[in-house]
Amino acid sequence: MSTTKTITLKKRPKGKPELSDFDFITSEVPELKDGEVLLKTTYVSVDPYLRGRMIDAESYIEPFELDKPVVSGCVAEVVESKSSNLSSGDFVTGLLEWKEKQVANADNVKKVDPSKAPLSAYLGVLGMTGLTAYFGLTDIGKPKEGETLLVSGAAGAVGTVVGQIGKILGMRVVGIAGTDKKIEMITSEFGYDEGINYKTTENMTQAIAKACPDGVDIYYDNVGGEISEAVLYNINKFSRTVVCGAISVYNKTELPKSTSVQPFLIKKSSSMQGFVIFDYKDRHPEGIQQLAEWLKEGKLHYEETIQEGFDNIPQAFLDLFEGKNKGKMLVKV
């Protein structure tokens, strides 16, 4: 029986995660049974939502168990197969453990075609990232041509796709990010009409008002916290806030004091709805088809930050909270 290097959750983070929260162990790779495949990991996706799974609390998805492998979206190569649906040399994607090699049920992974798009794209623009952007904006945001879309975390994996979809649908799109370089990137590469560097802006409420002179019709919220509170002062009548993420508060050890949203929503007859991509699992093929079409037409492109080496997966995850990624953060094993 062969072995593989594995990354487990050693202890639950208190505040910001640290490398010491993870452990590297050697685990056995079991023999294949009928319907299973032996996989060799190619790409690993690290995402902010994984932080929530490290807390032992009820959520929309089960928390990680201590001393068990961390799980996230991965692309892997089929090394050996006992499934009629997959063959050696095929590539698949799915929620897989942080292991160099592992056995999986063939029904729990999905075959992808490296000739139609780079393998990494199936974890980004054609994967959970793209689908999150697509369904959040189109289904909850209900965009209309000529409206103003404001996106926080605009230089991140989801934000870069949201902005492009907004432009495809004929909207004015403004992004919020944390460096001048990221502002330059979203405006020059991803079609954003304007950007706001929140780290160098003294008054976010005024900055948003200036960048969105006609007000905000849709706010796609990836960060929460003080930035999102400033947006409330600029929302239009019947605006829609899409609550996708709250990375600014994920590592808080105490509940932050925040502005009450109810008076703003009542005054403006506005809606605010959170979601997770698993809500749309039955519609994933629809979303992938549309995203792939836009990608083929050259209307969508994507940015990736790729770190090399299996041992660097935990550090890549920590780097998310320092804003070190442009677009999707991946590790190439």
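Both F135 and Y280 are buried, a term that denotes under 20% relative accessible area, with exposed meaning over 50% and partly exposed in between (1.4 Å probe, protein chains only). The model is predicted, so local features need pLDDT of at least 70 and side-chain atom pairs count only at pLDDT 80 or more, while totals for chains, interfaces and linings use all residues. Residues are numbered from 1 along each chain as its sequence is written, and side-chain values use heavy atoms, with hydrogens and water left out.

F135 and Y280 form a stacked aromatic pair, with 4.8 Å centre to centre and 10 degrees between the planes. Rings of Phe, Tyr and Trp (its six-membered ring) pair if their centres lie within 6.5 Å; planes under 30 degrees apart count as stacked, over 60 as edge-to-face and the rest as tilted. F135 belongs to helix α2 and Y280 to the loop between β13 (271-274) and α8, 145 residues apart; helices (H or I, at least four residues) and strands (E, at least two) are DSSP runs, numbered from the N terminus. Both residues also belong to an aromatic cluster formed by Y134, F135, F275, Y280 and W294. In the pair of Y233 and F264, the ring centres are 4.8 Å apart and the planes stand at 75 degrees, so this pair is edge-to-face. Y233 is exposed, at 51% relative accessibility, whereas F264 is buried, at 17%. The whole structure holds eight aromatic pairs.

Side chains of opposite charge can pair when their charged atoms come close. The structure contains 14 salt bridges, each defined as a side-chain nitrogen of Lys or Arg within 4 Å of a carboxyl oxygen of Asp or Glu. One of them joins K328 and D47 at 2.4 Å, N to O. K328 lies in strand β15 (residues 328-332) and D47 in the loop between β3 (36-45) and α1 (50-53), 281 residues apart. K328 is buried, at 5% relative accessibility, and D47 is buried as well, at 11%.

A further salt bridge connects E147 and R240 at 2.7 Å, N to O. E147 lies in the loop between α2 and β8 (148-152) and R240 in strand β12, so the pair ties together parts 93 residues apart in sequence. In D139 and R283, the side chains meet at 3.2 Å, N to O. D139 is partly exposed, with a relative accessible area of 28%, and R283 is partly exposed at 30%. Salt bridges with shared partners join D139, R283 and E286 into one network.
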